[in-house]
Amino acid sequence: MTAAKRADQAAASDGQPGEGARSDAAELELGRLTKVVLEGALEGEMDAHLGYARHDPAGRDGGNSRNGHRAKTVLTDVGPAEIAMPRGPGCQLRAGDRGQAAAAAVQGR
């Protein structure tokens, strides 16, 4: 939380003790909830993409399997959130390659 935001909260609380602490706790809890929702949505997308759920025996030795997770920080309305981003099969593109791969897909290569 920024110093300006804390100052605004202190002014808004009219000097009531504990008001800022409750606000900080609520903000922290909202950040955790955001993290859980984002990670759940990403796992659901990976399930739909691969055609099987996580830890499902159907995905074993099929060549189209999950490839772990990587840490990623996303900016949300409640602040930055550090999430575990699932990696699918063949996820080896660097950030600079994504534009080239997308352009090649559009051109039909």
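I began with Asp 47, which is partly exposed at a relative accessible area of 25%. I note that the model is predicted.

**Asp 47 and its partner**

I looked up the side chain of Asp 47 and found that it meets that of Arg 66 in a salt bridge, 2.2 Å from N to O. Asp 47 belongs to helix α2 and Arg 66 to the loop between α2 and β1, so this pair ties together parts 19 residues apart in sequence. I recorded Arg 66 as partly exposed, with a relative accessible area of 23%. Salt bridges with shared partners join Glu 43, Asp 47 and Arg 66 into one network.

**Other salt bridges**

I found Arg 32 partly exposed at 47%, and Glu 29 partly exposed at 45%.

I also noted the salt bridge between Glu 39 and Lys 35, at 2.9 Å from N to O. These two residues of helix α2 are 4 residues apart, about one turn of the helix. Lys 35 is partly exposed, with 31% relative accessibility.

**Thr 34**

I placed Thr 34 in helix α2, which covers residues 19–50. Beyond its neighbours within four places in sequence, Thr 34 contacts Thr 76 and Val 78.

**His 55**

I located His 55 in the loop between α2 and β1. His 55 is exposed, at 70% relative accessibility. Its phi is positive, about 65 degrees, although His 55 is not a glycine. Most residues other than glycine have a negative phi.

Definitions and conventions. Residues numbered from 1 in each chain as written. Predicted model: local features only at pLDDT ≥ 70, side-chain atom pairs only at ≥ 80, totals over all residues. Heavy atoms only, no water. Contact = heavy atoms within 4.5 Å. Buried < 20%, exposed > 50% of the residue type's maximum accessible area, 1.4 Å probe, protein only. Salt bridge = Lys/Arg side-chain N within 4 Å of Asp/Glu carboxyl O.
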